[in-house]
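Visitor: Can you walk me through this one? Start wherever you like.

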Amino acid sequence: MQRIQSEKNILDEPDSPIELLFLLSCLNHSVSGNVRYSIPEEMKKGIFIGNVAQDLGLDLKRLRSGRARIVTGESTQYTELKTGRGVLVVNERIEREQLCGDRTPCSFSFEVILENPMELYHVTVEVTDINDNSPTFEITNLKFEISESAMTGARFSLASADDPDLCMNGLREYIITENNNFVLEQNSNADGKKYAEMVLQKPLDRETNQHLSLKLIAVDGGTPQRSGTININITVLDANDNAPVFNQFLYKATVMENSPRDTYITTVNASDADSESNSIVTYSFSDQRNGRGDLFTIDEKTGRISVTGAIDYEKDKKFELQIVAKDQGGLTDNSRVIIEVLDVNDNAPSISVVSLNRHVSEDSPPGTTIGIIGVNDLDSGDNGQVHCEIEGNAPFKIESTLRNYYTLITGTALDRESVSEYNISVVAIDSGMPPLSANKIIHLKISDVNDNAPVFSQSVYNAFITENNSPDVSVLTLRAKDPDENQNARISYVLEDSNVTGSRMSAHISVNAESGVVYAARSFDYEQIKELVFVVKAQDGGSPPRSSNVTVKIQIQDQNDNPPQVLYPMQTGGSVVAEMVPRSADVGLLVTKVVAVDVDSGQNAWLSYKLQKPTDRSLVEVGSQNGEIRTSPQVNDKDAVKQGLTVIVEDNGQPSRSATVNVNVAVADSFPEVMSEFTALIHHNEYKDNLTFYLVLALAAVSFLFITCVVVIISVKISRWRQSRILCHANLPVIPYYPPRYSDTLGTGTLQHVYNYEVCRTTDSRKSDCKFGRAGSQNVLIMDPSSTATMQRIHCEKSILDEPDSPVEVS
């Protein structure tokens, strides 16, 4: 370690800034990261001390990026680091006497800390003394009572002056005013402090001069010199031949710091060879300052020294007391008492946070630096040895790489979703007996990262909606949770579009991105769509975002919104369909079967059949479950040829829906009989239809030409009457109807067997006849009044299931 230092006497021109800057020389240490500077005391704020960046070999960018700063254990920070220029300047006025007292050399130290990576540089600033204090005495007057019989060479201790300055600026010598009796003798004690004694050179003569007034001047060595004065008043007493004498020139004792009041330290003893009153000795401190009267007291009769004030090892480690023993004649002797203060563990460690990151990301790896902690203990020895630890099971560690400095790091991986913040309790414990400790709570928050995807409460959502719903109706609400926070936990719901029945899923379903509510985008029809299966994605707002999917199944529930549909017999406009029943038919003969279906499902599609408005007596009955129409009583000759039936097909919905079908049954043994009956019916119906039509026309035109309309109606009526007479003699066509093939399903509206019919035509339909091979065969007649062609053939078929090889003959 090399040292470069320059000094200038600031006593000449202390206010010259150029000369002050010349005085600021620095001591640059490149070894072990230490640097030392030297400055005079009492420098103004902002005065340059040294170029830290240059002396430590650091770049200005490194100072800024490393957040260079000064860390000191002192309450007052005397220096300031200008990171922009890399220089060290005075921050507070430095008074050397206040900072160090009598200690020399006087200096203070601090650390310059840089981060990322952490570097520590030790800086020591030595404060040199200037002559800014004059020697001072604690008292202004000093009184002596000296016997005229005092022997030549008798010594009298004088009050010591105190000069806080050091070396040449400190106390240099004492001077006493000229007199005939006393000379001044100067000495130094063990710590080098000067004190003066007045030595009797010529015996006193009370009769000549009863009182003497002298001045003691204390002069320092500064330039210009400073001095202090005390008055010495001497009263001359009558003779006292012997002065007190201490049995020890030096007394040594120890005392524990913080000892209570009146704690015994030691006892001094002096004897006087005189007798009676001249042998009585009293003890006192030579002066209050040196005697530290605020801390110690001495019994003037016994010489017992005890404690009166608070003794602090951290302030004073040793005391030196000047004791005076004086008899009644004014003769004295001097002795010294050196008291060593023993340290006790009365100072708990202190913890200071040098650097701290109060927010740590949860994805920080183990070993991430959180902060730097400094510890200090004012005690000495083992009492000042401190170690740090962390209380509890927090996932953090504390490591020490530098003296009195600890690094707080992460010990394991962090998870904000488990613990979002920590109160880290750092404990510093010294090695004293008993040990003292200090605790500091460091509050740390864990910052969130997007490490969790949204999670739905269910793996599959099932919902039901009744068909014919209103659009935009709410079906269900999806709920996903994300244990992250803030934007990372903000969930948006997105419908994953797909195809359903040839269209996009978004045409059927919509999802609210914020609330997760699923809405029906349209009205559903169970007969078209029975189920919707789609996927909804929940995505958070992190970067990058995380997401999860859930399957949603919506079942469309059926409503009874469709009436039954009759498949057989078919109802053709203007055509008359008749089922033939021979008069010789037995009871229970299957006449026909009403076949109907319902596109609804469940009980809405359960069909039942019943008759309405049967003609004459109830010739047939219908099966309530299967729709089969069978003869009920025995058919006889009195039964009318034409039987009109109305069958009601009703479903089981709530409310129920129904359909009706008209079934014409012809009770006859031959086709001519059936044809004549149904032809009259057809003409009668046609006549009624035409009359109604023209009546409506007549009523519509009555306001215009009433008389003309009457003539037209009569003319039309006559014309239609003639036409109908002609048609009565015309040939009526017979058109066969082929029922579909269907199988019996017990109540589903299908027939039990398959029927085939063969049509036979003749030139004269009125003479045609049909011969039935069996009473069990079925015959169907269809009368079409719109056809004017001649019926040529009428085929009668026998059931191919009964006798497939036996055709029916028709003549």
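Guide: Glutamate 42 is partly exposed, at 23% relative accessibility (buried is under 20% relative accessible area, exposed over 50%, partly exposed in between, with a 1.4 Å probe and protein chains only). This is a predicted model, where local features need pLDDT of at least 70, side-chain atom pairs count only at pLDDT 80 or more, and totals for chains, interfaces and linings use all residues. Residues are numbered from 1 along each chain as its sequence is written, and side-chain values use heavy atoms, with hydrogens and water left out.

Visitor: Where does glutamate 42 lie?

Guide: In the loop between strand E2 (34–40) and strand E3 (48–51); strands (E, at least two residues) are DSSP runs, numbered from the N terminus. Glutamate 42 has a positive phi of about 65°, although it is not a glycine.

Visitor: And asparagine 258, what is its phi?

Guide: Positive, about 65°, and it is not a glycine either. Asparagine 258 sits in the loop between strand E19 (250–256) and strand E20 (264–267), and is partly exposed at 43%.

Visitor: New topic. Which peptide bond is cis at proline 224?

Guide: The one joining threonine 223 and proline 224, with omega about -5°. Proline 224 is in the loop between E16 and E17.

Visitor: How do E16 and E17 pair?

Guide: Strand E16 (residues 211–220) and strand E17 (residues 227–237) are antiparallel over nine bridges; pairing takes at least two bridges found by DSSP. Leucine 214 stands opposite isoleucine 232 in E17.

Visitor: What order do the strands take in that sheet?

Guide: E10-E17-E16-E13, four strands in an open sheet with mixed pairing. E10 (141–147) and E13 (171–176) each have a single partner strand, so one side of each lacks a neighbour in the sheet.
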